[in-house]
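Hello,

Here is the structure for you to look over. My notes follow below it.

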Amino acid sequence: MDKKSQNFEERVQYLKEKAKEVRVNIIDMIFTAQSGHPGGALSAADIMTALYFDILKIDPKNPRWPDRDRFILSKGHACPVWYSCLAMRGYFPIKELKTLRKFESILQGHPDMLKTPGVDITTGSLGQGLSLGVGMALEGKLVKKNYHIYVIIGDGEINEGQIWEAAASASKYKLDNLTAIVDKNNLQMDGFTEKVMPMDPIDKKFKAFNWYAMTINGHNMKEILTTLEEVKKIKSKPVCIIANTVKGKGVSFMENIRKWHGKAPNQREYKIAIKEIQGDDDDIK
Amino acid sequence: MILSKADIATRQAFSERMLEYGAINKDFVVFEADIGYSTYSYLFGEAYPKRYFNMGIAESNTMAAAAGMAADGRTVIACSYGVFITMRAIEAIRTFVCYPNLNVKFLSSHGGVTPAIDGVTHQATEDIGIMTTLPNMKVLAPADTESAKKIFDVAIKTPGPVFVRLMRDPFFDIYSKKDTFKLEGSKTIRKGKDITVVTYGDTIFQALEAADELEKENISSEIIDMYSIKPFDKRNLLNSISKTEALLVVEDHQKRNGLGYELSNFCLKNKPVIFDNLGLNDTFAESGNYYKIIDKYGISKKHILNKAKELISKKRK
């Protein structure tokens, strides 16, 4: 789409529609595979849609275009949301989504940069994506290009010490070309983050590492879009956006329920889920 | 064989070549994890500060960031000690360097028990086993100044991940400017007919001394420096053991999962010969004088001598 021809309201409306499609694809592919992680994919869906259908400077016909913005899904298990965005942007045919997690598929259980067009770097082992982002951002600075690196991190994986090693190194090198987005859905595999391993206040932790940090509603498309545009202007500091989200967002019976971290819907659940997503007009309930 | 004492350790020689190469090739960068004055990567850092990234005492982040930087083809040299590279940061290396087959080369100092006085925490005696297990990883281990410098060139020109095992202390210089090194190469440093001794790194010098002693007893041993551990030089090995019919592998590493295990497997499948291997026998070493440690833990001249004689006597039965 041509962004310049549209005003802000139109862009937001467009993204809301796209986010529904992204969510439908997520449910569809996990249902087809009968395996995958719907909860964390749905919580990141609005942010990912804003990135892939508005913010990112990318060329699906040339996935390795040197000047492109880079994207890293540190919470790699949420890859159905990434694959969905990539297919919808034309990196590969939509029908490939049906092959998720299947033998010899280009869509591995966790993202693989050698198999999937548009996957800038392999991820899946938690707590490592921010380090990868630091390396990519250092490369961007070295070659003096103004592309930007976005990393989506789960609020569970920040338990990993390596996240904080990466946080320190990003501020050492003043990586203002790096934006981390914490998908704060308050759930990790074994339960609520506050119970498994409390990490709040996350924003203050990043601020203490000399990052610019802010908190937004990760399902409010206006707020997401405004924030992603604003943070590009911040100089000499990496940026962390704490996005408050709901795990399973968009499918009522999945929302805030631990077991939907890594479980596929059955036929009946699938039908309800698709209907709910398609009928849902509001970005916030 | 009279050996000439080396002035510098392989870690220093490798880094000195890295500095030289930095002037020729502007395309590679170096990551360090706060032991630059020990790995000698500081030499590169002082000359090329914009291409040198000191990530602090944080090896996992260092190796994963190296992968991030290498993601679009950049060659990165990541430096630390063997224990930290191969254990602290192993998953970053396995999943983000080896799996996508990125151009990260590991300068791994303090191989084997060469950091003898530092003790077990700093002695990398499992590094070869861990690194050779990783798909796409190549493993090299130079023994002296000349080979360390030339193996830098081999490492940087070899696509994908390469692990280079270096030593803390200087031992002896055995190669000259004329010697060449390559991936999947080896060097027959002493010709012989009764037994083949395959080794790499610091144990080469023990093997050479043992060979002198064996010669006094009319036993002629062939010594191969298997500096390219993965992939190793099958042709040279096969030629040698076809002649000697006996193989002894000696390494400053655990016996388990080192080059000895690799070659025993190879021989069993291709050319069964009388075989044994020396290394740390499922044990950690300790702090102290290097020569006392290698003697106590079974990889010194004395052990090589005895084991070689034992294998030869088995062969004659």
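This is a predicted model: local features need pLDDT of at least 70, side-chain atom pairs count only at pLDDT 80 or more; totals for chains, interfaces and linings use all residues.

Axes are lines fitted to C-alpha atoms, for helices over the stretch in contact, with angles from 0 to 180 degrees between N-to-C directions; helices are DSSP runs of H or I with at least four residues, strands runs of E with at least two, numbered from the N terminus.

The crossing of H5(A) with H6(A) is left-handed, meaning that the near helix is turned anticlockwise from the far one by less than a right angle. From H5(A), Leu130(A), Ser131(A) and Val134(A) meet Gln162(A), Ile163(A), Ala166(A), Ala167(A), Ser169(A) and Ala170(A) of H6(A) (contact: C-beta atoms, placed from the backbone, within 7 Å).

**Whole chain**

Chain A has 10 helices and seven strands. Its C-alpha trace spans about 50 × 45 × 40 Å along the principal axes. Of the 285 residues of chain A, 52% are buried (20 or more other C-beta atoms within 10 Å of the residue's own, placed from the backbone). Among contacts between residues at least 6 apart in sequence, 76% join residues at least 24 apart.

**Conventions**

Residues are numbered from 1 along each chain as its sequence is written, and chains are lettered from A and ligands numbered from 1 in the order written. Local features need pLDDT of at least 70, side-chain atom pairs count only at pLDDT 80 or more, and totals for chains, interfaces and linings use all residues.

Regards

Terms used:
Two residues are in contact if their C-beta atoms, placed from the backbone, lie within 7 Å. A residue is buried if 20 or more other C-beta atoms lie within 10 Å of its own, exposed if 12 or fewer, and partly exposed in between; C-beta atoms are placed from the backbone.
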